[in-house]
Amino acid sequence: MGVVSEGKGYSGFVRCMCWCCCLLLLVIIISGGFAYYIYSAEDPKPPVYDIQSFTVNTLDLEDDSTLKTEFVVIFKIENPNEKIGFVYGKKNNISLLFDDEIISCGQLPAYKQGPANTTVLEVTLAGTSPDESSTYQDIVQNGKEKGVGMEFVVKMSVPMKFYVGNVGDVARKEVIASISCGLVMKNLVSGKTATILEKECEELVKF
């Protein structure tokens with residue numbers, strides 16, 4: 001009799017575990033389905049990027065014609081969606097280009113941005129570039145002339161996922177946000193904030 005009772009207890013435990021697993025799976029499916037429904041119904045809009053300020057910490061042309069740079073850039077990132085939030089991955093990259101050449105690089109911090117939220121981030125871009133075609137002399141020389149504006153491009157590649165509402169049901173699918181910001185700046189002098197004459201950012205996100 002004791003053996004039969006033990007078998008029944010074990011069988012009941014197994015059935016209980018099966019029910020728990022099934023219930024958990026059902027909750028996951030429902031949550032994922034709800035998130036997908038809201039995601040589809042809301043017609044998600046990509047985040048909007050803007051460059052607020054551009055500070056020059058270092059801008060020097062070394063004796064060996066190597067350009068050494070360090071900039072502090074303030075980004076404003078706006079999420080226009082009322083019910084959809086974004087999770088930005090840490091494996092992103094930012095490049096600052098002059099005359100189609102990368103002169104500085106950096107990264108955004110990994111973070112979570114809620115629905116209808118505006119986030120301001122400070123990012124350091126730094127680099128060392130050999131001046132093989134004497135192009136970088138223009139940055140150092142013209143940057144000191146108050147009336148001369150020079151064109152730069154900030155390019156970003158940011159992996160991101162979406163989530164719905166305040167619960168944080170994060171979707172599995174990851175998309176890449178590609179951002180390109182054209183800048184025309186003057187007063188590029190070490191230790192000062194450059195004057196941004198023109199700026200325009202374009203975002204490309206395929207949900």
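Modeller: Among contacts in the chain with a separation of 6 or more, 68% join residues 24 or more positions apart; contact means heavy atoms within 4.5 Å. This is a predicted model, where local features need pLDDT of at least 70, side-chain atom pairs count only at pLDDT 80 or more, and totals for chains, interfaces and linings use all residues. Residues are numbered from 1 along each chain as its sequence is written, and side-chain values use heavy atoms, with hydrogens and water left out.

Biologist: How do you know which helices and strands are in the chain, and how many?

Modeller: They're DSSP runs numbered from the N terminus: helices are H or I with at least four residues, strands are E with at least two. That gives 2 helices and 11 strands, in the order α-β-β-β-β-β-β-β-α-β-β-β-β.

Biologist: Is Val164 buried or exposed, and how do you know?

Modeller: Buried means under 20% relative accessible area, exposed over 50%, and partly exposed in between (1.4 Å probe, protein chains only). Val164 has 6% relative accessibility, so it counts as buried. The residue sits in strand E8 (residues 150-164). Across the 207 residues of the chain, 36% count as buried.

Biologist: What makes Lys199 and Asp50 a salt bridge?

Modeller: The rule asks for a side-chain nitrogen of Lys or Arg within 4 Å of a carboxyl oxygen of Asp or Glu. Here the N to O distance is 3.4 Å, and the Lys199–Asp50 pair is a salt bridge. Lys199 lies in strand E11 (residues 195-205) and Asp50 in strand E1 (residues 48-61), so the pair ties together parts 149 residues apart in sequence. By this rule, the count comes to 1 salt bridge.

Biologist: And Lys199: why is it called partly exposed?

Modeller: Its relative accessible area is 39%, and partly exposed runs between the buried and exposed limits. So Lys199 gets that label.

Biologist: Where does Asn187 lie, and what is its phi?

Modeller: Asn187 is in the loop between strand E9 (175-186) and strand E10 (192-193). It has a positive phi of about 60°, although it is not a glycine. With 21% relative accessibility, Asn187 counts as partly exposed.
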